[in-house]
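Let's read a protein model together, one feature at a time. Have the picture open as we talk.

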Amino acid sequence: MGLELEKRARVASLVLILVLMSLAKFVNGGITSSYVRSANLSADMPLDSDVFRVPPGYNAPQQVHITQGDYVGKGVIVSWVTPDEPGSNTVVYWAEGSTTKSSAEGIVTTYKYFNYTSGYIHHCTIVDLEYDTKYYYEVGIGNTTRQFWFVTSPGIGPDIPYVFGLIGDLGQTYDSNRTLTHYELNPRKGQTLLFVGDLSYADDYPLHDNTRWDTWGRFIERNAAYQPWIWAAGNHEIDFAPEIGESIPFKPYSHRFHVPYKASDSTSPFWYSIKRASAHIIVMASYSAFGKYTPQYKWLENELPRVNRTETPWLIVFMHSPLYNSYVNHYMEGETMRVMYEPWFVEYKVDAVFAGHVHAYERSKRISNVAYNIVNGLCTPVRDPSAPVYITVGDGGNLEGLATHMTEPQPHYSAFREASFGHGILDIKNRTHAYFGWHRNEDGYAVEADSVWLYNRYWNSLEPAVAMVEGQSCI
Ligand SMILES: [Fe+2]
């Protein structure tokens, strides 16, 4: 072949490859955002930052946070830490406008971790609250008293609108602070936060420096004392360090964050469920046994049939490790749980499955891989109108930085992915429609970098035909 001919042939094949590549991208349908940032690690906020400030006054309560305290949202667990002495376990509370004050008694606990001794950690469950009511509450009775407030659940009903925030893998860096600030200022106004695991990242510091659990508790207080944070445990909560004599998994986390697991007949704080507004929310444990016959399996087997979609149309599941993840980081770590539980998620028409762990954002199409049985070769996820949408929001902003490496090409099932820090908002409108938005930190507060209307799987399964068309954002 002459030189000129060879050159032309090369150009022609290059053009052909480019055409095929662009076609492949088109056929794929998914979007990999061009908004990709450097893999620089996020910088920790210094210990003397105002966000970590110790409240003034003798034995002043700090690290105040609340979570739902029962199955149906009439209870609240209030938790706080006193540094100098145990002090009072009492929470005094009253409804806005009421002159009648009530009180509830809690418990106090401490723990040691290597060379660290915790402050006095209090947990107090308030029960039988009125729905949809603003309550003020006080802790630190007898020493320095601090006052906060919360608004109870609006009750349980199929068309009660409600806004859940979603944050994961938060840590305590400047980016963490940006994420929390953006969540607080989001005009959609999250009413309860679903936290998908990996809280303080204390285990990333020498000897699992548990003072970093304290700083984190003080950092989130500005939001977590005023609205419930619903917890799932991540790998950074395990704190398993036999090399320094710490071989009880989840020791700091279990002492600091109480959840209402008994109310949903769970035997462990790592998996449980709550009902709130029009949602039934199931928390699962990626780092507790979940194989067949395990307590978690048995619990979920009983719990899923209890979900009443006439009462709570929205069935939401969250855990730490995502079942679908096309990033290189943590690739296929959720596969065992997917194999175990995806058939149930499809059978019970779960609306959405949220996770963290991967320090980035990703949203799947409505797909399932339940046909695969290891010998039939059907290993490609397929469109499935009964399947949940899988959303990863492990992008809170911790010191480990972003997951910027993605598998290529973007898998067919992946609708949108971007390596930026941010938070999610699940805005439930009624029994048929919910709006999900993902907000990257670099944008203005009102900007959503990705958004999608979710049609309820139980009430609106006959979604418009357009919803199943590739690349459409109606699912
Ligand atoms: Fe994680």
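**A guided reading**

Q: Which residue in β23 stands opposite Ile-31?
A: Ile-31 stands opposite Phe-416 in β23. Strands here are DSSP runs (E, at least two residues) and helices are runs of H or I of at least four residues, numbered from the N terminus. Two strands pair if DSSP finds at least two bridges between them. Strand β1 (residues 31–32) and β23 pair in the parallel sense over two bridges.

Q: What should I know about the model before going on?
A: This is a predicted model, in which local features need pLDDT of at least 70 and side-chain atom pairs count only at pLDDT 80 or more, while totals for chains, interfaces and linings use all residues. Residues are numbered from 1 along each chain as its sequence is written, and side-chain values use heavy atoms, with hydrogens and water left out.

Q: What does pLDDT average over the chain?
A: pLDDT is the predictor's confidence in each residue, from 0 to 100. The chain averages 92, and 90% of the residues score at least 70. Over residues 465–475, however, the pLDDT is below 50, though this stretch has 31 contacts (heavy atoms within 4.5 Å) beyond near neighbours in sequence. Residues 14–27 also stay under 50, with two contacts beyond four places in sequence. Where pLDDT is low, the predicted coordinates should not be read in detail.

Q: Which strand pairs with β23 in the antiparallel sense?
A: That is β19 (residues 361–364), over four bridges. In this pairing Ser-364 stands opposite Ser-414. Strand β19 also pairs with β22 in the antiparallel sense, over three bridges, and there Glu-362 stands opposite Thr-392.

Q: Why is β22 described as largely enclosed?
A: Burial is read from relative accessible area: buried means under 20%, exposed over 50%, and partly exposed in between (1.4 Å probe, protein chains only). Strand β22 (residues 389–393) is largely enclosed by the rest of the structure because five of its five residues are buried. On one side are Val-389, Ile-391 and Val-393, and on the other Tyr-390 and Thr-392. Strand β18 (residues 352–355) runs parallel to β22, joined by four bridges, with Ala-355 as the bridge partner of Thr-392.

Q: Where does Pro-409 lie?
A: Pro-409 is in the loop between β22 and β23. A cis peptide bond joins Glu-408 and Pro-409, with omega about -5 degrees.

Q: Is Asp-239 buried or exposed?
A: Asp-239 counts as buried, at 2% relative accessibility. Its phi is near 50 degrees, a positive value in a residue other than glycine. Asp-128 has a positive phi too, near 55 degrees, but counts as exposed at 66% relative accessibility.
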